[in-house]
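Please load the model and keep the selection panel open. The stops below follow one another, each with something to select and what is found there.

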Amino acid sequence: MRIGVFICHCGSNIGGTVDCARVAELSRAFPDVVYADDPMYTCAEPGQAAIEAAIHEHRLDGVVVASCTPRMHEPTFRRTVERAGLNRYMFEMANIREHVSWIGKDKEANTNKAAELVLMAVEKLRRNTPLTPKSFDITKKVLIIGGGVAGIQAALDCADGGVPVVLVEREATIGGKMAKLDKTFPTVDCSACILGPKMVDVAQHPNITLYAYAEVEDISGYVGNFSVKIRKKAAYVDWSKCTGCGACTEKCPARKTPDAFNELTGPTTAINIAFPQAIPKKAVINAAHCRQLSKGKCGVCAKVCPTGAIRYDMEDEIVTEEVGSIVAATGYDLMDWTVYSEYGGGKYPDVITSLQYERLLSASGPTGGHILRPSDGREPKSVVFIQCVGSRDKSVGRPYCSGFCCMYTAKQAVLTKDHIPDSQSWVFYMDIRAPGKMYDEFTRRAVEEYGTEYIRGRVSAIYPDGKGQYVVMGVDTLLGQPVEIKADLVVLAVGIEASKGASQLAEKLRISYDQYGFFMESHVKLKPVETNTAGVFLAGVCQGAKDIPASVAQGSAAAAKVLALFARDKLESDPQIAQVDMRRCVNCGKCIRCCPFGAIKEVEMRGEGKAQVIETVCQGCGLCTATCPQGAIQLSHATDNQILAEVNALCQC
Amino acid sequence: MPVLEGKELRIVGFLCNWCSYGGADTAGVARAGQPTDLRIIRVPCSGRIDPLFIVKALLGGADGVLVSGCHPRDCHYAAGNFYARRRLEVLKQFLPVLGIDERRFEYTWVSASEGQRWQQVVTVFTERIHQLGRAPRFDDAEPLLKLADMALTSLRPLGTGQTAALDELKDAIRAKLPELDCVIGWQQGYDAAHTVPLFIRKPEDVDKLVWGPFNVNNPAVYLPSFKGKKVGIVVKGCDSRSVVELLQENLIRREDVTIFALPCEGTLDMARVNEKLGRYQRIDSVSLDEAGATIVADGTEHRFCMTEYAQGKCYGCTTPAAVLADTRLGTPTPVQPGTVVPPELALLDSMSLEERMAFWRGQMERCLRCYACRNACPMCVCRDFCISDSRNPHWMSQEDSPREKLFFQTIHAMHLAGRCTGCGECQRACPVGIPILALRQQIARAVAQLFDGYRPGLDPAAVPPLLGYEVEEKNIHERDWK
C-alpha cells in the first residue's frame, strides 16, 4: 500500500502546541507511508488540492489526515480523496486538535502523542477496504412531534413543500405555550390573533394529518424509513362526531376540575375544550374528575350531546405511521419554582408564575382578561415582578439563562399599566438581556413610558403583612441598600426546563440530550438543527431556550432540512455495516439474539443455517462483531483486525 | 512506539463515536486541560468493544484501559451499552485471576455534552494509573509453580456407582437403538482402569457400555457433529448440563437427541491416578467398592478413595442426576446445601496478584499450544474456525510465547462466559496438567455473582446473561468519579 500522511497545523491551533513538521518526519518511517507533509490549513481549498495532487503524484492509495475531530471534517476529506479517484473509505483521520493540541500543554508529549495517533490511523488504514454504498427508497413523509409554534411552522412549511406531514400533539389542542400567551413582545401583538390563523391552516391543510391528544409510543427504523407507533389517548369523545358546540361543557356538573390550560388559575369542567380557538376544537373528558368515569353515575354530557359523540368506554388506540424523517419540537415546561422557600414555596395565593399571569391577562382566561388577585379577586395596584426564578441559579441546578423572561416581564409590566392605569410595577432583575430586534427599545419603553421601576438585585423574602398585602424584601445592588416593597401581587419569571418526558422521547429517537433534558444538536454552531441521528431534526425550545421568532425560524429551518432530504428519490446507505463470513458461521444465533435492530436473519445455505445481515437495516453498531465467538461477522471499517491493529500500534512492549 | 519515559504511562481508551468521543471533543473545544497519556480508539458503540481487546492491550503492555460509552438508556444504537455494561463488568471481575489489577481497567459513561465530566474522568483515571505505576509485565514475571490441594469435603457422599442400574440402561438403549443413528457412551479403554468413548451403532455394541468412576469423558462434546441425525447420549449429571447448553445455543435439536441418564456418584481424577500408578506393564485387576477403586498393577496394589481422588469438580457437584433426560434410572444421593470453591480456584484465591501473574507465567511456559483443551470443550463450537488459528480475524500471533498462550486461555474463558458448565474437560485433556479450569471457574463465579446466581446448563430456555441485559442492573453500579 502507498499511504500519504498530512499533518495539519490548523494555523496555531495545532501548530502552537504540536511540532507538526516533526510528526510528519516521524510518519515517514511508519509502514507503507510514502509521503508526508504538514500543510497550514488542510481543509482549505489549497490544502485539499495538495492532497489531490499528492495522490496523483505519489500514486497514493490511502490517505491519513491528522487534524481536527473526524466528527467535523471526515466527510470533507472523504470527498477530497474521492475526487482524486480513491474510494472514500481509503481514508483515516487522527484527531490531534481536540484530543491533543487543545488539551495538553507539553509540546514534547503532544508531539509524541500526535505521532502515535497517526501511527494508529496508518495501521488501521492499512487494513481498510474500499466500500460502496447501496441506495434505498425513502418514504417521503415527515413526523413532527409537538404542535407548538415551532412544530406548527415546521408542519406548514413541509406541507407547503408538498410533503405529507403527521403532526403529533400531546395535549388536546395544538398551539403550545404561545396559545396561552395574551400578547407578544416587542410589538404587543395579540398572541391568539397571530397564532390562530396558523393553527387553522394546520387543521385545513390537505397535507397534514393531525393527531392531537396523542403521544409517540415507539420509533423504529432509520433515516428514510422510520416506523412510528402513536398512542391516541382516550378522549372519551368520538371526535368524528364532536362539533365542538360546547353544550357538554355547559352542563357538566364536575365544575372543580383543575384547568391545565389556564395554568390552574381557575377551575373548569371535567369535559372540556381547552380554549375557544382550540384546534382541533373537540371536547375531552378528564377521566380522574368525570363523575361517570370515576364513580359510575352522571352521564349528563352523553344526554346533552346533540351528536351522540360521548364514548365512556373509549380506550387508547395505537396507530402506526411510516415516515422518512422526524422533527422534534417538544418545547419546554416551567421548572418547579416551589423549591424557593423564600418566595413562599407555593403557599401564598398571590405569588404566581408569569405564565399564570398571562392567563389572567388573557381575554380567554378565567378572569376574562381582567387582572384580579387569585386570593380575593381584587385588582392589584402594586405588582412586583421577580426575574431569574430558576434561571442562572446554580443552587437549584439551573445555571443556564432561560432567554426570554427579561422581555416578557417588560411586556407584562407594560400590560399591567394598560389594564390598571393607576398601578405601579417593580421589576427585580439580575441583568437585562434584550439583544433582539427592537428588544432593548421595548424595555426602555417599559421604564420610560410606563414608569416601571427596575431594581437591580435579588429578593430575599416575601411574607404577608396580615393586611392583605405582601412584603417583598430585597436589595438594590446599584444603590447598595435594602429595599422593601408592599405588593398586592408578585409575579415570578420562572425558568424553563425541557418538556416533561423529553429524555424518554430522546431515547426513542436515539438522539442525545444534555443534563437538563434539552436535545443535543449535531454541532453547536454549524448544525443547530440536525441531530446525530440521520433524519431527525430539532425545532424550538426542545433544543435550548429561545423566543418565538427564533422558534419559528428553527421550525422553518427543520422543514428546509426535511425538504432537502426528500429532494432525493433514493438515499445512500452507509456501507460501514456488518458482513458475515458464511464459511465461519456456525449458526449459533448469538448475533441474531442481540442485534438491537433485528438486522440479522437466519438463511439456509447448502442445507445449513447461516446468519445474514439485512443491509438496509443494519446500523453499524458492531455489537454482533463483539458477540460472535468465531469472528464470523465483521463490522466493515471497524473489523477486529482494524481495532487490533490500533491496539497493537500502542501495546507491543 | 515507546512511551515517554518518566512522563507518561501507556493508557488506551475505547470511546463510542456518538457520546464519549463527542464528549472528548467537547472537552477539547473548551480547552479543558487533561493529562496526555491517553490514546483514544474510536469505535461506533461501546457494544462493539470485545472485552478481549482490553485484555490484549493489558497483556501487551498497557498500564491502563479506559472504556467510555453513552449513558445507559441513551445509546445511539438503543441497547449497545447495556450489553457492554455486562461484558465489561464480567471482565473487570475476571482480570484479577490473571494477576492483573482490576483498577487498571475502568469503564464509564460520558455524553457528548459532558466535556467537563470527560476532563474529570481522564484526569482521575490517569492519576490512578500513575499511582499504580507501570504495570508489571507478564513476560518479566519470575515463573512460580504451585499445586492445588485437590481433596476437599464434598457436598454429598461420593461413590463408584456400584448400585447403578446399568443392565436396565442397556435394555433401554437396545429398545431405542433402532430409531437412532448412534448412542454415545463409554467403553473400556486400553486397560480396565481407563475408558474411552463408545459409539453404539449395532445392538451388540450395547454390551460394551460401562459405568463407574472411570467414565471421565464428557460425551456431549460429540453432539454438535451429529447435528441433523438422531442420536442418543448417556450422561452423568455434569454432562447433561453441557447438553442443555448446546440445546440453548441451537447447536443441536431437542427432537434429535435422546438422553439416557444414571445418577453419578463421582469420577476419578485420572491425572492423579495415573501419577500414582506410575509406569506399569499391565493392570492385574480393578475392583470397585462403595468407597473407591483398588487397582493392582504389576502386582502392586493401589487404593483410590473417592474422598481423596475424585475430580475437583465432583466435590461441589450439585447435579449428580441429569438436569434433562428422556430415560432416567436410579436415584441420586442427596446433596447438602452449600457451595464449594473448586480446588483450582481456591489455589488462585490464595495468591496475591503478583503471585498469580507469576503462576500463569510458569504454567504457560509448560503449555504446548496443542489446543487439547479447546478440542475437549463441549462448548467450543467454532471448531475449525477458532479465532486462535485464523488470520482474519487475526487475534493471536503464531509466536510461541507464554503471553500468547495465556491470551488464548483468556479467549477461551471469555468466550465461555455464561456458557461454561464447569465440566472440566479442558483441564482433564491438558497433557501437561495446567489448572486452566480456574480461569473458567472465575468467569462462572463472576457471572453467578452478577446475575442472580445464574449457572449455565440448567435451563434450555434461559437467556444467557451476556446475551441479554436489564435496563437497571441489580448488581452493577456506576462508579463515582469525584
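A salt bridge here is a side-chain nitrogen of Lys or Arg within 4 Å of a carboxyl oxygen of Asp or Glu. B:Asp349 belongs to helix H10 (residues 343-349) of chain B and B:Arg445 to helix H15 (residues 437-450) of chain B, so the pair ties together parts 96 residues apart in sequence. Helices (H or I, at least four residues) and strands (E, at least two) are DSSP runs, numbered from the N terminus. B:Asp349 is partly exposed, at a relative accessible area of 36%, and B:Arg445 is also partly exposed, at 24%. The classes are buried under 20% relative accessible area, exposed over 50%, and partly exposed in between (1.4 Å probe, protein chains only).

Before moving on, note that this is a predicted model, in which local features need pLDDT of at least 70 and side-chain atom pairs count only at pLDDT 80 or more, while totals for chains, interfaces and linings use all residues. Residues are numbered from 1 along each chain as its sequence is written, chains are lettered from A and ligands numbered from 1 in the order in which they are written, and side-chain values use heavy atoms, with hydrogens and water left out.

Select B:Arg282 and B:Asp284 next. Their closest N and O atoms are 2.8 Å apart, in a salt bridge. B:Asp284 is partly exposed, with 35% relative accessibility.

In chain A, select A:Asp350, A:Arg373, A:Asp376, A:Arg378 and A:Asp488, which are linked in a network of salt bridges. Over all chains, the whole structure holds 76 salt bridges.

**Between the chains**

Now select B:Lys7 and A:Asp106. Their side chains form a salt bridge, 2.9 Å from N to O. This pair crosses between chains: B:Lys7 is in the segment before E1 of chain B, and A:Asp106 is in the loop between helix H5 (97-101) and helix H6 (107-125) of chain A. Both ends are partly exposed, B:Lys7 with a relative accessible area of 35% and A:Asp106 with 30%.

One to select is B:Arg48 with A:Asp640, at 2.9 Å from N to O.

Which residues does B:Leu59 contact, leaving aside its neighbours within four places in sequence? They are B:Ile100, B:Arg403, B:Leu406 and B:Phe407. B:Leu59 is in helix H2 of chain B and is buried, at 6% relative accessibility.

Go on to B:Asn81, in helix H3 of chain B. B:Asn81 is buried, with a relative accessible area of 1%. A polar atom of the side chain of B:Asn81 lies 2.9 Å from the backbone oxygen of B:His71. Not counting residues up to four places away in sequence, B:Asn81 touches a set of residues that includes B:Cys45, B:Cys70, B:Cys75 and B:Trp109.

**Last stop: a helix in chain A**

Select residues 191-204 of chain A, which make up helix H8. This helix has 14 residues and reaches 20 Å from its first C-alpha to its last, close to the 20 Å expected at 1.5 Å a residue. The expected span is 1.5 Å times one less than the number of residues. Colour A:Ser191, A:Leu195, A:Gly196, A:Met199 and A:Val202, the buried residues of H8(A). What covers them includes helix H7 (149-160), strand E7 (165-168) and strand E10 (208-211) of chain A.

Notes. Contact means heavy atoms within 4.5 Å. A polar contact is a pair of N or O atoms within 3.5 Å; within protein, one must be able to donate a hydrogen and the other to accept it, and residues adjacent in sequence count only if both atoms are side-chain atoms.
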